[in-house]
Amino acid sequence: MPGLPLDRLVPDHLKGVEPYVPSKPDAELMKLYGCQTLHRLNNNENPLGPCPAALRALREFRPDGAKTYPSGDSYYLRQAVASRFGLDPEQIVVGNGANEVIEFVVKGFCAAGDNIITADRTFAVYEWAAMHIGCEPRLAPLKDYGFDPEAILSLIDSRTKAIFICNPNNPTGSLWSLDMVSAFLDAVDGRAVVVLDEAYIEFVEGWDEASSMALISKYPNLLVFRTFSKMYALAGLRIGYLAGSPELVDVIKRTRIVYSVNSLAQEAARASLGSDPETAAHLARSRAMAKDGRQALSSAFRRLGLPHLCGEGNFVMAELPFNDSLAYRMLMSRGFMVRTMTGFRFPNWIRVTCSRAEVMAGFCQALEEVVGEWRRRGKGPR
Ligand SMILES: *Cc1c(COP(=O)(O)O)cnc(C)c1O
């Protein structure tokens with residue numbers, strides 16, 4: 001048998017792409033780093049877990065139900081989302097996490113040679129989804145660590161199909177106000193699809209969750225993304241959705257993978273949207289935990305004299321005076337996993353997810369030890 005003719009089989013736009021390497025399971029990592037506990041502060045998960053109604057829905061799911069395909073269009077969940085935001089269910093598309101929804105949009109509007117625009121330092125999946133189909137990702141530099149409307153507008157041309165705005169931005173925590181969003185949409189003037197990825201919007205205090213959804217009727221080129229992975233703590237079930245005008249959604253539906261959203265996820269997500277006091281209290285507790293966590297982390301970074309960014313969301317970033325992979329290993333041996341940010345164009349920065357007070361205290365202690373150890377070794381200023 002001759003060798004695989006990979007050079008011919010693999011499209012050019014995939015030749016330079018590296019596969020994403022996910023972290024190993026906890027048990028393997030604990031063996032590897034010799035730690036007895038492991039706190040994952042790398043993925044912005046909510047350690048308080050799903051709300052009580054979602055937990056009930058999961059417990060009540062009949063195992064025998066596994067034999068049938070799920071609702072192919074998340075029928076009841078779309079109804080729940082639509083009634084919450086005053087939309088029509090036909091304006092909602094549910095996906096296997098917001099990650100899949102990003103792919104739907106790129107596939108729905110972009111062909112090879114087209115481009116999408118986003119920031120240079122934001123959630124990387126927009127850029128990757130474009131590259132996977134030979135579409136050019138154009139990256140506007142952040143300005144003061146936030147999305148820069150002018151820089152983005154200057155990159156638009158006739159091949160621009162979609163613009164991805166992460167609001168609040170992962171990882172910098174910057175936030176555009178609703179007025180800034182409207183002004184940006186006015187300036188884009190319908191020339192491209194504008195995606196507002198609101199994966200962390202539920203953490204923003206005093207933010208009306210229906211406000212961006214209400215812009216859809218005025219701006220038919222707007223798509224709003226939400227996920228159940230962060231605030232709603234259903235990351236393991238993989239479910240998120242987009243909302244937009246019927247015209248845009250009609251196109252996106254053509255690219256959907258039917259049955260990619262499983263029954264269990266649909267049930268738990270629907271239960272999470274209830275407005276009962278128990279659910280509201282759980283969300284308020286999660287929001288408060290994120291706020292306290294941001295405070296605990298930023299004061300630790302301040303004490304250590306480390307530059308840091310503490311904005312919206314359930315995470316804080318800091319710049320270390322040494323290699324972030326080294327910091328990762330040193331923190332892992334103390335039972336804390338953080339996100340290294342060099343690969344995300346923030347050399348030697350780490351991003352840390354907010355967690356319970358005792359976990360934050362443990363992390364801050366571990367960080368102090370790690371930074372202290374590095375400074376004592378004489379490798380840096382005291
Ligand atoms: C986590 C995240 C998502 C995707 O989450 P899913 O788990 O795929 O729903 C989307 N956008 C941003 C900015 C995120 O941080």
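This is a predicted model: local features need pLDDT of at least 70, side-chain atom pairs count only at pLDDT 80 or more; totals for chains, interfaces and linings use all residues.

Side chains of opposite charge can pair when their charged atoms come close. In this model, the count of salt bridges comes to 24.

Start with Asp 157 and Arg 138, whose side chains form a salt bridge with an N to O distance of 2.9 Å. This pair ties together distant parts of the chain, 19 residues apart: Arg 138 sits in strand β4 (residues 136-140), while Asp 157 belongs to the loop between α8 (149-153) and β5 (160-166). Arg 138 counts as buried because its relative accessibility is 19%, under the 20% limit. Asp 157, in turn, is partly exposed at 32%.

Next, turn to helix α13 (residues 277-303), which carries Lys 291. Its partner is Glu 205, and the N to O distance is 3.7 Å. Glu 205 lies in the loop between β6 (193-197) and α10 (211-214), 86 residues apart from Lys 291. Lys 291 is partly exposed at 35% relative accessibility, and Glu 205 is also partly exposed, at 46%.

Finally, find Glu 369 in helix α15 (residues 357-376). Its side chain meets that of Arg 334 in a salt bridge at 2.8 Å, N to O. Arg 334 is in the loop between α14 (324-332) and β11 (336-337), 35 residues apart from Glu 369. From here the picture widens: salt bridges with shared partners join Arg 334, Glu 369, Glu 373 and Arg 377 into one network.

Technical notes: Residues are numbered from 1 along each chain as its sequence is written. Side-chain values use heavy atoms; hydrogens and water are left out. A salt bridge is a side-chain nitrogen of Lys or Arg within 4 Å of a carboxyl oxygen of Asp or Glu. Helices (H or I, at least four residues) and strands (E, at least two) are DSSP runs, numbered from the N terminus. Buried means under 20% relative accessible area, exposed over 50%, partly exposed in between (1.4 Å probe, protein chains only).
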